[in-house]
Amino acid sequence: MANPRFLVVDDFSTMRRIVRNLLKESGFADADEAEDGVVALQKLRASNFDFVVSDINMPNMNGFQLLAEIKKDEKLKHIPVLMVTAEARKEDIVLAAQQGAAGYIVKPFTKATLEDKVIHILKKAGLA
Amino acid sequence: MEPSASAHNAGDAASPDAAPDVHHKIGQLTRQLHDALQELGLAEKLQGTAGELPDAKSRLSYIARLTGEAAEKVLNRVDQAKTQHDHIGAQTRHMIALLVADPVAAVAKGHIMNFLTDLEKANSEVDQHLTEIMMAQDFHDLTGQVIARVVNLATVIEDQLVELLIQTAPPELQSRVSPPASAAAPLSVDDVVLSGPVVDASQSTDVVTSQSQVDDLLASLGF
């Protein structure tokens with residue numbers, strides 16, 4: 001897929017802008033954003049996305065709950081979800097992996113880390 | 001204690017003879033407060049909250065450190081970008097002078113090509129500085145999460161103190177105030193399951209401190 005479409009989910013607008021800008025610098029300009037899991041699910045069900053980059057600690061619906069909702073939805077479960085979060089506990093990382101997250105990045109992170117993970121996941125999913 | 005008696009005793013406190021009496025009364029008040037807290041079952045609750053305060057202090061230190069580092073990083077990158085910008089400005093003026101003097105020689109001697117190569121390199125480096133300046137703004141997210149936790153702790157303490165105030169008020173005043181909505185079920189910092197940014201990794205062994213540790217952990221699980 002030449003131009004995958006991303007959904008960036010984070011309750012902090014600063015972080016949404018940073019992630020979107022980094023994705024754009026890495027050649028992935030097609031991205032939308034959502035401020036929590038509830039809005040993200042609405043957008044995912046209303047439109048087509050190929051990749052989700054999600055925070056965990058968010059109001060209304062956190063990243064784990066969003067991940068669970070995506071993975072139990074037949075129409076959405078194929079979408080890779082990369083967790084980008086400040087939650088650095090090992091149990092959170094293990095839980096994310098067990099729930100089907102495609103990757104896990106701990107904040108603060110570098111541009112290279114995000115780019116490497118995204119490309120690796122896209123290749124693994126046959127999207128690049 | 002009657003108000004008039006209190007005022008009278010306060011006046012006595014100024015004289016050395018009154019010191020033992022004042023000390024005795026302070027002791028009585030301390031005992032009364034201690035007993036009241038025990039009877040109300042609030043002592044342990046407040047003690048628990050007090051235990052959170054060192055954590056709040058380290059969280060505030062974390063905010064100060066992170067914002068300081070971000071400011072330092074931005075200023076350093078701006079300094080570097082400005083130096084490169086000034087260099088390109090000087091090079092451009094020099095190139096204009098060469099072109100005006102002898103355009104053919106400027107091309108033939110490679111001045112133009114060298115300048116364009118320098119320009120391309122500088123452009124790439126300035127772009128890296130701008131990316132780093134953007135990345136430095138991630139402190140907003142990290143400190144925001146920590147601030148939310150400290151505010152939550154302050155709310156817990158406030159609720160508990162209001163509850164204590166109401167329960168220790170005279171009966172005639174108690175009927176005029178109702179406990180705050182949150183007093184019935186005080187907020188607890190434990191209500192938040194997610195722990196947010198790690199403010200002091202040396203204090204815990206169950207957290208990762210680098211992306212490579214995350215990758216190693218996931219790899220060990222077969223992911």
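Two strands count as paired if DSSP finds at least two bridges between them. With that in mind, this predicted model shows in chain A an open sheet of five strands, whose order is β2-β1-β3-β4-β5 and whose pairing is parallel.

**The sheet of chain A**
- The edges of the sheet are formed by β2 (31-34) and β5 (103-106) of chain A, each of which pairs on one side only.
- On average, and with direction ignored, neighbouring strands of this sheet are turned by 20 degrees against each other.

- Strand β1 (residues 6-9) of chain A pairs with β2(A) in the parallel sense over four bridges, and A:Leu7 has A:Asp32 in β2(A) as its bridge partner.

- Strand β4 (residues 81-85) of chain A runs parallel to β5(A) and is joined to it by four bridges, with A:Tyr104 in β5(A) as the bridge partner of A:Met83.
- Together with helix α4 (residues 90-98) of chain A, the strands β4(A) and β5(A) make a right-handed β-α-β unit.
- From β5(A), A:Gly103 and A:Ile105 point one way while A:Tyr104 and A:Val106 point the other way, and all of them are buried.

**Where the chains touch**
- The contact takes 26 residues from chain A and 24 residues from chain B.
- On the side of chain B that touches chain A, α5 (111-136), α6 (139-168) and α8 (211-220) of chain B each supply at least two residues, and α6(B) gives the most, with five residues.
- The residues on this side of chain B divide into 13 nonpolar, eight polar and three charged.

Notes:
Residues are numbered from 1 along each chain as its sequence is written. Chains are lettered from A and ligands numbered from 1 in the order in which they are written. This is a predicted model: local features need pLDDT of at least 70, side-chain atom pairs count only at pLDDT 80 or more; totals for chains, interfaces and linings use all residues. Two residues are in contact if their C-beta atoms, placed from the backbone, lie within 7 Å. Ala, Val, Leu, Ile, Met, Phe, Trp, Tyr, Cys and Pro count as nonpolar, Asp, Glu, Lys and Arg as charged, and the others, Gly among them, as polar. Axes are lines fitted to C-alpha atoms, for helices over the stretch in contact, and angles run from 0 to 180 degrees between N-to-C directions. A residue is buried if 20 or more other C-beta atoms lie within 10 Å of its own, exposed if 12 or fewer, and partly exposed in between; C-beta atoms are placed from the backbone. A crossover is right-handed if, with the strands pointing away from the viewer, the path from the first strand over the helix to the second runs clockwise.
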